[in-house]
Amino acid sequence: LERDRRNLQTQAAEATRSAEEDALTGIGNRRVLARFLREEAARQTEVACIGVDIDSFKEVNDTFGHDIGDAVLRRVGQLFSSKTRNGQLAIRYGGDEFVVALAGVNSAGAYGFAERIRLAISGLDWTTVAPGLHVTVSVGVACGPAKDWQIALTAADERLLTAKRRRRNTVVTTSIGALSA
């Protein structure tokens, strides 16, 4: 009976991990992001939402193949894992888009984090993944009260689209207060 109980606990833990982890990158998914942001809202902290999209990812898949595209996604996920710490969360939002949430960080701090991520990704030696490969990202940042995290997430996505329209490989930022002013 005790062995069955332990097996069930192990299976339940595995099911929870599977439901909250992106299988390809090993980082969290939208469920983890929503829980993290709801918890920050309950604490009434400030939050920064950072949307990151791999530039011209379709071209990566078309030129180098889907296996290389998957390797790019895994490497970006690993980079996010290595750059986030307590009070920060990186997740794969879907496709080639990632979101980072930073608790208790102001606009300047969020912009600095986003710029470091952008530079780190563009500075990686991608030729170890595939000869001739170079990867950049476009980034959108929005900051504000955690209680308005859904607005911040939408604003970060809008800024991300602005970055992609402008020239790619750039960071565009705003604060939620600026949106309502």
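Strand 2 and strand 3 form a hairpin with two residues between them, and glycine 95 in the turn has a positive phi of about 55°. The model is predicted: local features require pLDDT of at least 70, side-chain atom pairs count only at pLDDT 80 or more, and totals for chains, interfaces and linings use all residues. Residues are numbered from 1 along each chain as its sequence is written, and side-chain values use heavy atoms, with hydrogens and water left out. Helices (H or I, at least four residues) and strands (E, at least two) are DSSP runs, numbered from the N terminus.

- Strand 2 (residues 88-94) and strand 3 (residues 97-103) pair in the antiparallel sense over six bridges; two strands pair if DSSP finds at least two bridges between them.
- Glycine 94 has glutamate 97 of strand 3 as its bridge partner.
- Alanine 90 stands opposite valine 100 in strand 3.
- Strand 2 is mostly covered, with five of its seven residues buried; buried means under 20% relative accessible area, exposed over 50%, and partly exposed in between (1.4 Å probe, protein chains only).
- Glutamine 88 belongs to strand 2 and counts as buried because its relative accessibility is 12%.
- Not counting residues up to four places away in sequence, glutamine 88 touches Phe36, Lys83, Ala101, Leu102 and Phe113; contact means heavy atoms within 4.5 Å.

- Five strands form an open sheet in the order 2-3-1-4-5, with mixed pairing.
- The edge positions are taken by strand 2 and strand 5 (171-175), each of which pairs on one side only.
- From one strand to the next, the twist averages 15°.
- Threonine 174 lies in strand 5 and counts as buried because its relative accessibility is 12%.
- The C-alpha atoms of threonine 174 and aspartate 70 are separated by 31 Å, the two residues being 104 residues apart along the chain.

**Helices across the sheet**

- Helix 2 (residues 30-43) lies across strand 1 (46-54), strand 2 and strand 3, and runs at about 140° to strand 2.
- Helix 4 lies across strand 1, strand 2 and strand 3 as well, and runs at about 5° to strand 3.
- For these angles, axes are lines fitted to C-alpha atoms, for helices over the stretch in contact, and angles run from 0 to 180 degrees between N-to-C directions.

**Packing of helix 4 and helix 5**

- The axes of helix 4 (residues 66-83) and helix 5 (residues 107-123) come within 11 Å and cross at roughly 140°.
- Helix 4 and helix 5 are therefore oblique to each other; angles under 35 degrees count as roughly parallel, over 145 as roughly antiparallel, 65 to 115 as roughly perpendicular and the rest as oblique.
- Val76, Leu79, Phe80 and Lys83 of helix 4 make the contact with Phe113, Ile117, Ala120 and Ile121 of helix 5.
- The residues of this contact divide into seven nonpolar, no polar and one charged; Ala, Val, Leu, Ile, Met, Phe, Trp, Tyr, Cys and Pro count as nonpolar, Asp, Glu, Lys and Arg as charged, and the others, Gly among them, as polar.

**Alanine 110 in helix 5**

- Alanine 110 is located in helix 5 and counts as buried because its relative accessibility is 0%.
- Leaving aside neighbours within four places in sequence, alanine 110 is in contact with Ala48, Ile50, Leu102, Val105, Val141 and Cys143.
- Alanine 110 and lysine 147 are 37 residues apart along the chain, and their C-alpha atoms are separated by 18 Å.
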